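Biologist: Before we talk, could you put the sequence and the model on the screen, so that I can follow along?

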Amino acid sequence: MALLDDDRLFPLEPSARSLARALYATTRALPIVSPHGHTDPRWFAEDRNFPDPAQLLVVPDHYIFRMLVSQGISLDRLGIARRDGKPVETDGRKIWKLFAENYRLFRGTPTRLWLDHTFETLFGFDVPLSPETADMYYDRIAELLATEAYRPRALFERFNIEVIATTEGALDDLKWHRKIAKSGWKGRVVTTYRPDSVVDPEFEGFRENLDTFGELTGCDTGTWRGYLDAHRKRRAFFKKHGATASDHGHATADTANLSPKEAAALFARVRRKKVGADDARLFRAQMLTEMAKMSLDDGLVLQIHPGSWRNHSSVVHAGYGRDKGFDIPTRTDYVAALKPLLDAVGMEPALTIIVFTLDETAYSRELAPLAGVYPALKLGPAWWFFDSPAGMRRFRDLTTETAGFYNTVGFNDDTRAFPSIPARHDVARRVDAAFLAGLVREGQLREDEAFELATELAHTLAKKAYRL
Amino acid sequence: MALLDDDRLFPLEPSARSLARALYATTRALPIVSPHGHTDPRWFAEDRNFPDPAQLLVVPDHYIFRMLVSQGISLDRLGIARRDGKPVETDGRKIWKLFAENYRLFRGTPTRLWLDHTFETLFGFDVPLSPETADMYYDRIAELLATEAYRPRALFERFNIEVIATTEGALDDLKWHRKIAKSGWKGRVVTTYRPDSVVDPEFEGFRENLDTFGELTGCDTGTWRGYLDAHRKRRAFFKKHGATASDHGHATADTANLSPKEAAALFARVRRKKVGADDARLFRAQMLTEMAKMSLDDGLVLQIHPGSWRNHSSVVHAGYGRDKGFDIPTRTDYVAALKPLLDAVGMEPALTIIVFTLDETAYSRELAPLAGVYPALKLGPAWWFFDSPAGMRRFRDLTTETAGFYNTVGFNDDTRAFPSIPARHDVARRVDAAFLAGLVREGQLREDEAFELATELAHTLAKKAYRL
Amino acid sequence: MALLDDDRLFPLEPSARSLARALYATTRALPIVSPHGHTDPRWFAEDRNFPDPAQLLVVPDHYIFRMLVSQGISLDRLGIARRDGKPVETDGRKIWKLFAENYRLFRGTPTRLWLDHTFETLFGFDVPLSPETADMYYDRIAELLATEAYRPRALFERFNIEVIATTEGALDDLKWHRKIAKSGWKGRVVTTYRPDSVVDPEFEGFRENLDTFGELTGCDTGTWRGYLDAHRKRRAFFKKHGATASDHGHATADTANLSPKEAAALFARVRRKKVGADDARLFRAQMLTEMAKMSLDDGLVLQIHPGSWRNHSSVVHAGYGRDKGFDIPTRTDYVAALKPLLDAVGMEPALTIIVFTLDETAYSRELAPLAGVYPALKLGPAWWFFDSPAGMRRFRDLTTETAGFYNTVGFNDDTRAFPSIPARHDVARRVDAAFLAGLVREGQLREDEAFELATELAHTLAKKAYRL
């Protein structure tokens, strides 16, 4: 028995299925280009063995623990650290068994697909995870994780990763990237410039962060001009460590294009003291445009990831901190929000701005029409909750007719769950093969075009869009 | 010739179709659990024969008469009573023939599926309803309705209803439920606590309703404390008559969590005189949280049915009153709206809050992410206009990947059209069988899991979620 | 080799495919009814040969040049005239070759379907357009365009157009329509009353337009009464030249129903001087209701096309003017917006109001429920970006269950790209055949009904709704 169906995610109708299979056969072995994600560069720098199965696969994956929480299992029992320091479960085997007992909750979810893929292809299981097999699973995974073949660099190579981008804050010293570079290891791990902590006046410690930002760069971050220079220096520093992109996770997609004088005055206000929500929002908005203008000079790709209401539960935020599965998408406007940015730089063919959404209603109404006309704008792939078979199908269904394929940028895995990376890319390649096969069998595309597109969607477009 | 295709609503591809058929075969005969609806308890209390076919099937069903109205047929001709008392059509046969002449309007709608199901399985027809067969239909239905086998209790048993919930206002004396209980009949008919008339300051006669509320309970509904006590007493009274849930039909999903002092002051304002829209809205919002807190004590499930713009046509509302098919869905926010409630009680695993929507854009963007993390929150099934094959498919497509199956609660028929209940559950069971079969054939689920889920979706989840 | 698959856009499952084919066989040769579009009446009045291939097929089609622009090709190189008069590309062959080199961008878009249809059926090509075949294509198309058989009237007849509606502004003298009428040619080309320039206070030259409006009609457009009379006269004039409809392209769907006194005061304000956005919006809103009231008298069908943010790029608008592919859909509300209009005239069965949307979220939430109950309201077909296979499928999927088929109005091609008209209608007929075949094979519709509906959707409903 196998956990995985060889034809999973392909169309059911036989002629479309066989074409999808043929298309996928040409992409399944292509190297992985992972231009946006959250793996820890320290793994590759130190190349130490991963800890126990629960610590690798359950505790850090908010897709997993949020689903368990939704059914009444406490974060404590899942080993999530409390802010008040009170004890939480630390026994990996106990956490693993609790997870196994509730594995049924993941039926119909992408997490299930990723995990079964990992279980079968990485750890060699051929019986499903269940309360009965939980110990057997735990033992074998633990045993393998202790071996040399399961260290981060070995997995990187086994996963056939051509290049992976991590994401670091503007104040990061990039020491792990430096260590990787010095190590002589051939794996390509690049950073991404994520300046939220020095761009968002509502970020914890914003003003102190600006002080540090000044120290790091030798720029006077007390002035607008010096602050912009500090960004330029950090961007250059990040570029030196492989960065080809910046990333911005704002609550909205708002942009602004103030005059230098207005911008300087706004900066003076947000620099000085805690400011109101309007100024904070305007400053973030202005900074997207500033970043885009810097991109025109240094070539970094600008990524915008808007629309998540972070830490929605005050109770959980107070008790356990950020990133605990309580980030909820909100309605997001792009048409008005991006106009200042697009009026400023949208017609620049040398610039690449990649926009993501957690509001699928924007695909056909706003994002495809915008990306389908502005040279600088491209659509990021289905993101987060929509990094899933049905999510990806809706993305293609709702964007292709207006934006085509060439205003999209291939796949992002956007994950910190390292072992799931091959599974995630595999899902994307299968869903795209299925979509292309459907177009061919419906007479909307020729077969030769579908084969060309399959490779482009799986590999080429990501490399090109992210300049990797 | 039959009106019904045995394989209706199943996938077309043969291997998925045969699996859907097999899954459905295990659920088709399961008893009906109907945890939310609007049948009249008087029917089961008195067990009188239903009146003529038009009065049973056409006049009270706003799905039917709104479609006829949309094509220019007046409400008068359909026998809908006028507020000014002027005569309307009362000849059941005439109304029936008008309906039959226009039966084509229902092509492609769920009403057509439900009616054909009723015609074939309940009344034994094997030719379609049409102008030519209208009289024959009318005669046979009228004849059968006059028999003992077609009385409410006999139909209840024939429909294999395990339990059905009706909905009564907070001021209802539940006399029909009491009569049913005393009658010795075994059919399980439970009530649901629907306090809109004493919770919504904009409800007709709100202040007088509060007086009555006080009289009924012996509580001082002139004070906030007494008012809350009155709710507690009525909830207990409803529970005694089988209620396991309350239900709230607000225009928005707004919730609030005021301090007791603020809440008391707000109550004093809304109690005293006609208040502005903001206070009315805030009071409704606060009361959802109060109801949830009472649920923590008494175990009633909290249902929220927001987002309908009731009585959209002033002309029809003035001429014919409420519930005349002119209720139109509106854009509904949940992420900000539910936050006060979820901050207050969302992490309570002992509490069940079931949220519905008429805004399908909320499924993937808001509701699945919320239900996929908060232990207290569950998703009600596709509601009202979306209680339909395509509506249900979109519900599963848009919620499963994020919320899974176990944060949903099975099917609600939500109907006052008693004869349609088996048809509605049949549609839901078929659509779910089809969805599960698709997942299996696409390699996303094992067959044994699909069989387990089929029964859960058709029967178990509703019982469990509603504590029936 | 053929460019077109005979079974394109049909379901893949064989039994549904064969039924779709059979349904389509009954509609493919039906004459084209084109009740809303933007072809130039001058073509049919003068009946001159079309210019070169690029000027016919590329330069005027904003679907095409916006996609090329999105990939960094400048409007100049595509021959789009600049406002500053600086030279742009005028060599048709160069533009054509640029287009051919980038034809791959259209993979998966409706433009590709329309063009391949045109290439094969109108120009007889059997090899795909590519850089290699660009010259061959150009030569053959140029050669054919120079012949008598490819003049506008000959094409009109070859396309089997029963009637086509053009769209003219309220100040148009309709000279081309008059010339067509006098010419003795049998082709039926009717106009449509589009009064945006005298209804929208923010339209360029609004006040001067009102002066001209007065001169044209002999009415005193200095007064509200005279202004309304001017509309009545122009509507009568347009009706005399075949118009059966008016059309309104507002930014929102707002309507109002002011008292005559309020309306007169508002008119006095907007007539006198540049007014604020609120008054401008209210005036447009009021005018939709006024137009509907006039429709009750003169029988013109009222079309509302809301929700496009015109000329989104300030840069392109400044450089190249209107209609350059930078029109972006926005979120559009209908439930509150249409209420004043519907309260005023929504229950009139003699009135037809056809509403379109660029916000697909409104289909199931707002538009289908509204059209499914108000006798005056009908749903226009999938519009603009959604005039596409997947767009049409979503339209049917999201509207049919609530509004049925008979509250929809058949197909609109809405195009100025004359050669694409047969292709566009062909796509709609195929998608509808596929949708109906699916319903039949899923047991939701009988075959005889599907055949009846196929003809209605392809031909009858448009004629009836538009009174053609």
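What follows is a short exchange of questions and answers about this model.

Modeller: This is a predicted model, in which local features need pLDDT of at least 70 and side-chain atom pairs count only at pLDDT 80 or more, while totals for chains, interfaces and linings use all residues. Residues are numbered from 1 along each chain as its sequence is written, and chains are lettered from A and ligands numbered from 1 in the order in which they are written.

Biologist: Which helix gives the largest share of the side of chain A that touches chain C?

Modeller: The contact, counted where C-beta atoms placed from the backbone lie within 7 Å, takes 37 residues from chain A and 39 residues from chain C. Helices here are DSSP runs of H or I with at least four residues, strands are runs of E with at least two, and both are numbered from the N terminus. Among those supplying at least two residues each are α1 (14–27), α19 (421–441) and α20 (447–465) of chain A. The largest share, seven residues, comes from α17(A).

Biologist: Why do the copies meet through different surfaces?

Modeller: One compares the interface residues of chain A with those of chain C. The copies meet through different surfaces because the interface residues of chain A that are also interface residues in chain C amount to only 5%.

Biologist: Which residues of helix α9 of chain A are buried?

Modeller: A residue is buried if 20 or more other C-beta atoms, placed from the backbone, lie within 10 Å of its own, exposed if 12 or fewer, and partly exposed in between. The face of α9(A) turned away from the buried side carries the exposed A:Lys175 and A:Lys182, while what covers the buried residues includes α2 (41–46) and β4 (189–190) of chain A. In α9 (residues 175–183), the buried residues are A:Trp176, A:His177 and A:Ile180.

Biologist: How many other C-beta atoms lie within 10 Å of B:Ile161?

Modeller: B:Ile161 lies in strand β2 (residues 161–165) of chain B, and its C-alpha atom is separated by 4.5 Å from that of B:Ile32, 129 residues apart along the chain. B:Ile161 is buried, and the number of other C-beta atoms within 10 Å is 21.

Methods
Contact = placed C-beta atoms within 7 Å.
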